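Q: I am new to this structure and would like to learn how to read it. Could you take me through some of its features?

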Amino acid sequence: MIDLLTPLSGIRGIPPRFLKRLEKLEIFTIRDLLFHFPSRYEDFSEIVPIANLEPGMQATVHGVVRDIKIRRTFRRRFVIVDAIIADDTGEIKAVWFNQPYLLNTLRPGREANFSGKVSLGEREIYLSHPAYELIGLRPATRDRGQEMRHTGRLVPVYPETRGLTSRGIRFLIQPILKSVGEISEWIPEEILDSAGVPEINEALRDVHFPKTLEAALAAKKRFSFENLFLLQLFNIRQKMKLAEEKAQPIQIEIEHLKEITEALPFKLTLSQKKSLWEIIQDIGKPKPMNRLLQGDVGSGKTVVAAVAAIVAAENGFQSAFMAPTEILARQHFGTLKKIFARLPLRKQPEVGLLVSKEAKVFFENDLESLVSKNEFKKGVIAGKIKVIAGTHALIQKDVRFDKLALVIIDEQHRFGVRQRAELHKNRETKLIPHLLSMSATPIPRTLMLTVFGDLDISTITELPLGRKPIITKIVAPANRDKAYQFIRGQIKKGRQAFVICPRIESSDTRTDADTSAQIRADNNQRKSALPWETKAVKEEYEKLSKNVFPDLKVGMLHGQMPARAKRGRGLASDGKPSKEAVMKAFREGKIDVLVSTSVIEVGVDVPNATIMLIEGADRFGLAQLYQFRGRVGRGEHQSFCFLFTDSPAKTTSDRLKAIVEAKNGFELAEKDLKIRGPGEFIGQKQTGLPDVAMRGLQDFEMVKAARDAAVKILEKDKNLKARPLLAEKLAEFERKLHLE
Ligand code: ADP
Ligand code: MG
């Protein structure tokens, strides 16, 4: 008797080389195999008399092999198999490439189904590369009605690996589906009913060998739903658990808070105030805040978080202010110093910066000094340094805090589950720090309910007063020089420009399940025909500094440059400029045009920069383009974004049009979710969800149904005591989330 956990190696009849290939697809057990879902279906359900075939049809023919032989093409060294298939109404030729072994199975006289495309040759129509399936010879099997796998039905097409075709996978799955006994359903029946999805046995059968396309879709919906349901259970339970934890309440008198906000260099916008207030209320409570502050690029999230940090410092508590890159961490360090210095505080806090190995900067009473990392750490553990800006090294390394009460994470949609665990491990007391994450990439509402379902959310809805919308233009190759002239004009007026070059990306990651020779040929063609040339930063830098803007100061920034200089000199140990030095020069206006890779993407704030020129714009995702554009338009001057593209593809320009037209990040995020799917949008790794569930994230109704169902169950039965099967399933789901 086999069950879901039976390893495939324990099943007779699967050749070892098959097992190896299955392992490549991460398929080890019966369950893995049964949950390897088709990516699509081919409809070969209708059996068509040969006389009725027409070019272009996808059809199944039921006939007898009349003749079959091999021929070789000399020049291209192809082996071609030609067969003549006949039924009562006529004959048709079938053609296969490079499959000489077909002669062993499709012998003359054999009866079979052939499913494939009807193509038009020079003189006649033929079946090109059809799937085939022999009809059982023994009368007994025929009478019982042989069940078809590859032809004469909706045929599943699977994601494949080398040497393991959809055909092979169908061969394996069909008998296993039959012999794997009844699987126990773990979703309560009333939930299946209200979500309108089939129970598990039916769903498994229909996802692989559906009778109709509707049945297949319903089955997929079930698997999508089950994952969303688990995710919701997980989220809601997380939230419940967190609510039981203790945190340090950080409080401040309203009057003092007012004094502080009034001393800021600008008047806070209404939604900055509102968000700040939500945060202040949260951190005033003895349970951990878990809040996401979202707001469009340039909406001023930093200052809101800075005030929260200062409130903590005024109470004698420490805050960690983390950024995804060193560039950004340094920028925050600078901003915090500047802001704090002008506030009417009881005590000016010491602000530190800690980044990767060379973390050594320290600030005290208007003096900035370098200290050794050890000294720095001592300052942190002694509680002397109150606000610490840094990269994620802050939580990952052996940094111990005295009274860490607030953690701020910039430009991250979501603090990873694992990182959060890390943070808990780090705590010196039983108290959990309050957590504030910030993101400029607005989150579509389905994701808000799912992947971010355990977070409270504050939103900054407007930009600071007086910001002018960024003028965005797609620039055709012919207008390149005009754009350069325009940029020169802006720079002469004192402004600065970014030029972003795309990095090299693997060009084609499509894994099409159909292995027919034609499709493969198409793919190869597409690969070699990619028209874009990746603009390397270095080349672009050479070109701009020597030919286009020889009279301007052009700088370069890319990921391979050393992060920072040796001891205050502008150069790193090997004499090359560092990222830090280049950013500093740009900030100080000593560089007019900064040619950069996407390292500049997030958060960088140089209000005098008003031009964002993006080379190969079609190579970036919408969210990324949006982030780039957000680097300008951050001050009083009119800003511009130029999208350069060499690609004529229509979908591409649609995408760029979306960025030109989108009024705000939210609108864009919804579009992006549609265009690229949720996996691309947040990174599938971050969610820990399988493909089938990721697709479900686009379906708001289903997401909501899953959430409602989860709430209903947990309200009554927090620990799922009455539902052991479900509890087990959830535990397994959580394990997976923590593993990845
Ligand atoms: P983001 O939300 O993208 O992180 P920042 O916090 O970097 O944006 O702020 C963008 C710029 O706007 C900064 O230069 C900041 O000083 C400025 N800023 C923030 N809030 C206001 C405000 N209320 N009025 C005017 N300028 C502001
Ligand atoms: Mg920011």
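Q: How many aromatic pairs does a search of the whole structure find?
A: This is a predicted model, and a search through all of it finds 13 aromatic pairs. One of them joins phenylalanine 35 and phenylalanine 37, with 5.6 Å from centre to centre and 40° between the planes, which makes the pair tilted.

Q: Are phenylalanine 35 and phenylalanine 37 buried or exposed?
A: Buried means under 20% relative accessible area and exposed means over 50%, with partly exposed in between. Phenylalanine 35 has 27% and is partly exposed, whereas phenylalanine 37 has 12% and is buried. Together with Phe223, Phe35 and Phe37 make up one aromatic cluster.

Q: Which parts does the pair of phenylalanine 486 and phenylalanine 640 tie together?
A: Planes over 60 degrees apart count as edge-to-face. The pair of phenylalanine 486 and phenylalanine 640 is of this kind, at 4.8 Å centre to centre and 80° between the planes. Phenylalanine 486 belongs to helix H17 (residues 480-492) and phenylalanine 640 to strand E22 (residues 640-644), so the pair ties together parts 154 residues apart in sequence. Phenylalanine 486 is partly exposed, at 33% relative accessibility, and phenylalanine 640 is buried, at 12%.

Q: Which residues touch the most other members of the largest nonpolar core?
A: A nonpolar core is a set of buried nonpolar residues joined through side-chain atoms within 4.5 Å. The largest one here has 65 residues, and Leu8, Ile30, Leu34, Phe225 and Phe229 touch the most other members. Among the elements that give two or more residues to this core are helix H1 (16-24), helix H2 (30-34), helix H8 (213-244) and helix H26 (724-739). H8 gives the largest share, 11 residues.

Q: Which residues does leucine 8 touch?
A: Leaving out residues up to four places away in sequence, leucine 8 touches Ile14, Leu19, Leu22, Ile27, Phe28, Thr29, Ile30, Leu33 and Ile176. There is also a second, separate core, which has 46 residues, including Met289, Ala329, Leu406 and Ile408.

Q: How many residues of strand E5 are buried?
A: For a strand, look at its cover and then at its partners. Strand E5 (residues 111-120) is mostly covered, with eight of its 10 residues buried. Seven bridges pair E5 with strand E2 (residues 58-73) in the antiparallel sense, and valine 64 stands opposite glutamate 111 in E5. E5 also runs antiparallel to strand E6 (residues 125-134), to which eight bridges join it. There serine 115 stands opposite alanine 131 in E6. E5 and E6 form a hairpin, with four residues between the two strands.

Q: Where is asparagine 98 found?
A: A backbone angle can be read together with its place in the chain. Asparagine 98 is in the loop between strand E4 (90-97) and helix H3 (102-105). Its phi is positive, about 50°, although asparagine 98 is not a glycine. At 40% relative accessibility, asparagine 98 is partly exposed.

Q: Is leucine 720 buried or exposed?
A: Leucine 720 is buried, with a relative accessible area of 2%. Leucine 720 sits in the loop between H25 and H26 and has a positive phi of about 55° although it is not a glycine.

Q: What separates the C-alpha atoms of threonine 461 and glutamine 272?
A: These C-alpha atoms are separated by 8.4 Å, while the two residues are 189 residues apart along the chain. Threonine 461 lies in the loop between strand E16 (456-460) and strand E17 (471-475), and is exposed, with a relative accessible area of 65%.

Technical notes:
Residues are numbered from 1 along each chain as its sequence is written. Chains are lettered from A and ligands numbered from 1 in the order in which they are written. This is a predicted model: local features need pLDDT of at least 70, side-chain atom pairs count only at pLDDT 80 or more; totals for chains, interfaces and linings use all residues. Side-chain values use heavy atoms; hydrogens and water are left out. Buried means under 20% relative accessible area, exposed over 50%, partly exposed in between (1.4 Å probe, protein chains only). Contact means heavy atoms within 4.5 Å. Two strands pair if DSSP finds at least two bridges between them. Rings of Phe, Tyr and Trp (its six-membered ring) pair if their centres lie within 6.5 Å; planes under 30 degrees apart count as stacked, over 60 as edge-to-face and the rest as tilted.
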